[in-house]
Amino acid sequence: MAAAEVNGSSAPAKEEEEPMDVTTTHTENYQTLLDAGLPLKVAESLDNIFQTGLVAYVDLDERAIDALREFNEEGALTVLQQFKESDLSHVQNKSAFLCGVMKTYRQREKQGSKVQESTKGPDEAKIKALLERTGYTLDVTTGQRKYGGPPPEDVFKGAQPGIGTEVFVGKIPRDLYEDELVPLFESAGPIWDLSKCLLLFRGPQPHSAAFS
């Protein structure tokens, strides 16, 4: 710090404080969102999601952007907040997933019910442990979670069970996930695949189960 002469004596000179940088940073796609017709706050919210790395601009197709533009500002911000809080670790098509969030919002809005900001999701630690134990894959798409199909080769190397081998299991709670369902259905035999509407078992005479 430099010394300055003050009333005949040396005293530390106060350095000028640098102005605070309050500039908001945006990705290179921010202007593209504005050009697409998204309101300022909606474009900023989506651009902030890009910055988190949860989803990239290239992951979203025109259909998702067009659908988002049709919402009013409050609805669009709510949808994006739900999307941001979702676990996308097993989501292959994030654009379709966002469209699914918007569709659900619209349906609840038409029913006159209060749109919840978030819903109970799976315990990802338990899901990870299950996948490590079984070697199966998990693919999450809009409205569906698919476990397996086909299973690992060390589980089954034969042909996929054909039509007519399904077993339907109804009234399964929506907040039950693979970590609880798989051990239950494994008690009947090795699983070919398990999804929201289809569960296949391998056995001497393969049969399968569908559930909703």
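**Figure 1. Surroundings of Pro151 in the predicted model.** In this predicted model, Pro151 is in contact with Tyr136, Phe156, Ile191 and Trp192, leaving aside its neighbours within four places in sequence. Pro151 belongs to the loop between S4 and S5. With a relative accessible area of 8%, Pro151 is buried. Gly135 lies 16 residues from Pro151 along the chain, and the C-alpha atoms of Pro151 and Gly135 are separated by 8.0 Å.

**Figure 2. The aromatic pairs, with Phe50 and Tyr57 in view.** A pair of aromatic rings is described by the distance of the centres and the angle of the planes. The model has a count of 5 aromatic pairs. The ring centres of Phe50 and Tyr57 are 6.1 Å apart and the planes stand at 85 degrees, so this pair is edge-to-face. An angle over 60 degrees is what this label requires. Phe50 is buried, at a relative accessible area of 10%, whereas Tyr57 is partly exposed, at 27%.

**Figure 3. The aromatic pair of Phe156 and Trp192.** Phe156 and Trp192 form an edge-to-face pair, with 5.7 Å from centre to centre and 75 degrees between the planes. Phe156 lies in the loop between strand S4 (144-148) and strand S5 (168-169), while Trp192 lies in strand S6 (residues 191-194), so the pair ties together parts that are 36 residues apart in sequence. Both Phe156 and Trp192 are buried. These two residues are also among the contacts of Pro151.

**Figure 4. Phe71 and the charged end of Arg106.** Phe71 is located in the loop between H3 and H4. Its relative accessible area is 8%, so Phe71 is buried. Over the ring of Phe71 sits the charged end of Arg106, 3.9 Å from the ring centre. Apart from neighbours within four places in sequence, Phe71 is in contact with Ala76, Val79, Met102, Tyr105 and Arg106. Val42 is 29 residues from Phe71 in sequence, and the C-alpha atoms of Phe71 and Val42 are 9.9 Å apart in space.

**Figure 5. The two sides of helix H3.** Helix H3 (residues 62-69) has Ala64, Ile65 and Leu68 as its buried residues. These residues cover an arc of only 95 degrees around the axis, which means that they are on the same side of H3. The face turned away from this buried side carries Glu62 and Arg63, which are exposed. Which helices do the buried residues of H3 pack against? Their partners are helix H1 (30-35), helix H2 (40-52), helix H4 (73-85) and helix H5 (94-110).

Figure 6. Strand S3 (residues 138-141) and S4 run antiparallel and are joined by 4 bridges. Within this pairing, Thr141 has Gln144 of S4 as its bridge partner, and Val140 stands opposite Arg145 in S4. Leu138 and Val140 make up the covered face of S3, and Asp139 and Thr141 the uncovered one. S4 also pairs with S6 in the antiparallel sense, over 2 bridges. In this second pairing, the bridge partner of Tyr147 is Leu194 in S6.

**Figure 7. Confidence along the predicted chain.** The average pLDDT of the chain is 78, and 75% of the residues score at least 70. Where is confidence lowest and where is it highest? The lowest mean, 43, belongs to strand S8 (residues 207-211), and the highest, 94, to H2. The pLDDT is below 50 over residues 198-212, a stretch that has 69 contacts in the model beyond near neighbours in sequence.

**Figure 8. The chain as a whole, as context for the close-up views.** The secondary structure comprises 7 helices and 8 strands. The chain has 212 residues, of which 34% count as buried. Of the contacts between residues at least 6 apart in sequence, 56% join residues at least 24 apart.

Technical notes. Residues numbered from 1 in each chain as written. Predicted model: local features only at pLDDT ≥ 70, side-chain atom pairs only at ≥ 80, totals over all residues. Heavy atoms only, no water. Phe/Tyr/Trp six-rings, centres within 6.5 Å; stacked < 30°, edge-to-face > 60°. Buried < 20%, exposed > 50% of the residue type's maximum accessible area, 1.4 Å probe, protein only. Lys NZ or Arg CZ within 6 Å of the ring centre and 35° of its normal. Arc of directions from axis to C-beta. Contact = heavy atoms within 4.5 Å. Pairing = 2+ DSSP bridges. pLDDT = per-residue confidence, 0-100.
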